[in-house]
Amino acid sequence: MMRFIPTTFYLTALTLLVACSDQSAMPEAGSELVADKAIELSELQARLNALQARAGRIKDSNDIKRLQRAYGYYLDEALWDELVDLFTEDATVEYARDGLYRGKNRIRDYLYVLGGGQQGLNEGQLNEHYQLMPVITLAEDGLSAKGRWRAIILNGDFGEVAMWGEGPYENEYVKQEGVWKISKVRWYQTILVPYEGGWGLNEDVNKGIYVSSEFPPDVSQTDDFGSWPETFLPPFHFDNPVGRYESPTSGTEGEGL
Amino acid sequence: MKKYSLIISCFLLLDVSQAIAQTEAELELIRIAGEIAGLELEIQLLEDENDVENLQRIFGFYTDKHQWAQAADLFASDATIELGGSGVYVGKENIQDYLQSLGEAGPQEGILDDHMQLQPVIHVYRNGTAKGRWHQFSQEAEFGVSHHWGAGTYENEYVKQDGVWKIGKLHLYSTMRTPVDDGWHVTALPRTQPSEELPPDLPSNVEYENYPAVYVVPFHYDNPVTGNDEGGPEASAVGTVDISTTLGIVSIASLGIRQSDNGEANLAAIEELEHRLGLLEDADEVERLQTIYGYYLARNQWDELTGIFAPDGTIEIAMRGVYRGAESIRRNLDLYGVQDELPGQLHNHMQYQPVIHIAEDGQTANLRSRAFSMMGTFGNQGRFMGGTYENIYVKRDGVWMLYKDQQINTYFAGTDDGWINLSRSAPPGITEANPPDEPPTMNFEMYPKAFLPPYHYENPVTGSTDVVE
């Protein structure tokens, strides 16, 4: 995971280079100079520290995006062991209306049940889960984060059925020993409908219930969201970044796009 | 270069005794200069990551409109391209010839060729190279003839030459392709075959079959939690000296000397990095805001959505005209449905493939992105919508706001009807009962007509702004 050269390495190289590059440029040490620079140095160091923290937060956010996208690529291929390795020991997973599974081992077992007892797809299975629209919010201390995402799903069994799916995530992440991990996955199923007729003519194929009847969850569904054509708004982990506008009326009947 | 830097270091060791003569303050300055150089490298890698994402997304926008010459210019001179089963074409010229063989250049009436570039996992390495895994999700149609859904995964490589990122290797592994009328459970088309008219320079370098077969596209990176290999050339030898670090040391050295003359140099270096870091934060904030726009739009949260606009901002969707200011924007949103009420209604507007450029002063930004919408009311055939945004953001009192929201629609298509016989090319246009403040600023027609939404940016490699081939 190391991407940067250790500072000590720089320091050594730097000291060597500066020492011989241009000795005449080095002023003689005087007590006045040291006093001036002591003030300046503390200010420089403070600004530098602030910058390092800000750069670290951008990298954290990028790392979290890579993590969730890696999750998506593993999910596409039903690579459960790889996927479970992205979680913390006490992570939770709750898909649609299937209830909540807690801890890596339970999550692994749940995923294997979802996969029909095996890892990897069978011939004829399609399981694309595109991970889109990240809104990442890092905690002040930089050690945890929340992320909203949306998945588009192309699901299918050749010769049997093809389905469109879609739904948002509200997930959580923690940084442990410098490595970001997923601590909570909550995926809300907006639709999972047959290809023919799509969401216009079909109700949700499974009402958001996958395998919880044969493999009961640790906690039953933690909210009361239903399934298509019922609609719902999963809560946002973030406030409006600019500020909500308060309209005088609730609006008129729309004509749609 | 490794040997070279080692020799320098050995030579310099001869002078090490003189370094000991430095005062504590001088050494502190040198230490800070070292930290600055480390931070500069970190910021550089973050900038590189954004540049690589922009590059691939720009490639996607060019190929959608068959801008083959523009697309080919994004490649390094010795680059390779391999799309599906068509074999490998080597070198920029051959890549351009190959791309041109895929269809007449420029946007064509009756042709839809949207290739959405999704879900990037980018790793940038210290030697000026990068790798990226992406999903591609495509909507292709020839009016009256055919229409298809397609899916694939890229494992690409990028290279930075003279400070400019280029595509070094583009490899699209095709996953699935199906006619819209059938769906992937009924008809799954095989990989493409090498062209006989323009044979590839090399055969395909990996054997696999499209869905319904199963093939896991090799990952360029290890598991991000349990693995250590991010796919870079130095992954197995962390800490070794490569070209970029060697150059970094030289620049630290010159910095250190200047500081000794003049304490201002450190300050100037820090101010420069503050500026660059600010632009990175701005790019993140703009992408985040455009994404939040999509979430609010998806659930008819009109007051929330209106709130992210600047007080003097505008919205211009589907040639409905320009609505200016919060009251008008809010009124415009009434056209799309009743606030917060969505019984039996789907209104997803996925936002992705953003190409973001922040102005040097950090106060304005341009964003090109695309939308893919899944819409409809239960009981009626649902619809897909595809479109392009060219938006402008402004920063006011440190807060980014949406200043100009312009959506150029590509199509509205029924989920079952698809694009093959889609003949309605006129966008919705002005609603007399709820009129805009100003007429549309841009006239366009949707598929099956051809239209190229203007770009806010030039070609990132050549600087060309030519949009016509």
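**A helix pair and its surroundings**

Of the 469 residues in chain B, 62% are buried, where buried means under 20% relative accessible area, exposed over 50% and partly exposed in between, using a 1.4 Å probe and protein chains only. Before going further, please note that this is a predicted model, in which local features need pLDDT of at least 70 and side-chain atom pairs count only at pLDDT 80 or more, while totals for chains, interfaces and linings use all residues. Residues are numbered from 1 along each chain as its sequence is written, chains are lettered from A and ligands numbered from 1 in the order in which they are written, and side-chain values use heavy atoms, leaving out hydrogens and water.

Chain B holds 9 helices and 12 strands; these are DSSP runs numbered from the N terminus, with helices being H or I of at least four residues and strands E of at least two. In chain B, 66% of the contacts with a separation of 6 or more join residues 24 or more positions apart, a contact being heavy atoms within 4.5 Å. The accessible surface of chain B is about 17,300 Å², and carbon and sulfur atoms hold 52% of it; such areas come from the Shrake-Rupley method with a 1.4 Å probe, and for residues only the protein chains shown count as cover.

Now for the pair itself. Two packed helices are described by the angle between their axes and the distance between the axes. In chain B, helix α3 (residues 24-64) packs with helix α7 (residues 264-298) at an angle of about 30°, and their axes are 10 Å apart. The axes are lines fitted to C-alpha atoms, for helices over the stretch in contact, and the angles run from 0 to 180 degrees between N-to-C directions. α3(B) and α7(B) are therefore roughly parallel to each other, since angles under 35 degrees count as roughly parallel, over 145 as roughly antiparallel, 65 to 115 as roughly perpendicular and the rest as oblique.

Which residues meet between α3(B) and α7(B)? From α3(B) come, among them, B:Leu29, B:Ile32, B:Ile36, B:Glu40, B:Ile43, B:Gln44 and B:Arg57. The α7(B) side includes B:Asn266, B:Ile270, B:Leu273, B:Arg276, B:Leu280 and B:Glu287. Together, the residues of this contact comprise 13 nonpolar, 3 polar and 5 charged; Ala, Val, Leu, Ile, Met, Phe, Trp, Tyr, Cys and Pro count as nonpolar, Asp, Glu, Lys and Arg as charged, and the others, Gly among them, as polar.

Elsewhere in the model, some backbone details may interest you. Most residues other than glycine have a negative phi, and most peptide bonds are trans. In chain B, the bond from B:Tyr211 to B:Pro212 is cis, with omega near 20°, and B:Pro212 sits in the loop between β6 (164-179) and α6 (243-261). The bond from B:Tyr447 to B:Pro448 is also cis, with omega near 10°; B:Pro448 lies in the segment after β12 (399-414) of chain B. In chain A, A:Ala78 is not a glycine, yet has a positive phi of about 55°, and A:Ala78 counts as buried at 3% relative accessibility.
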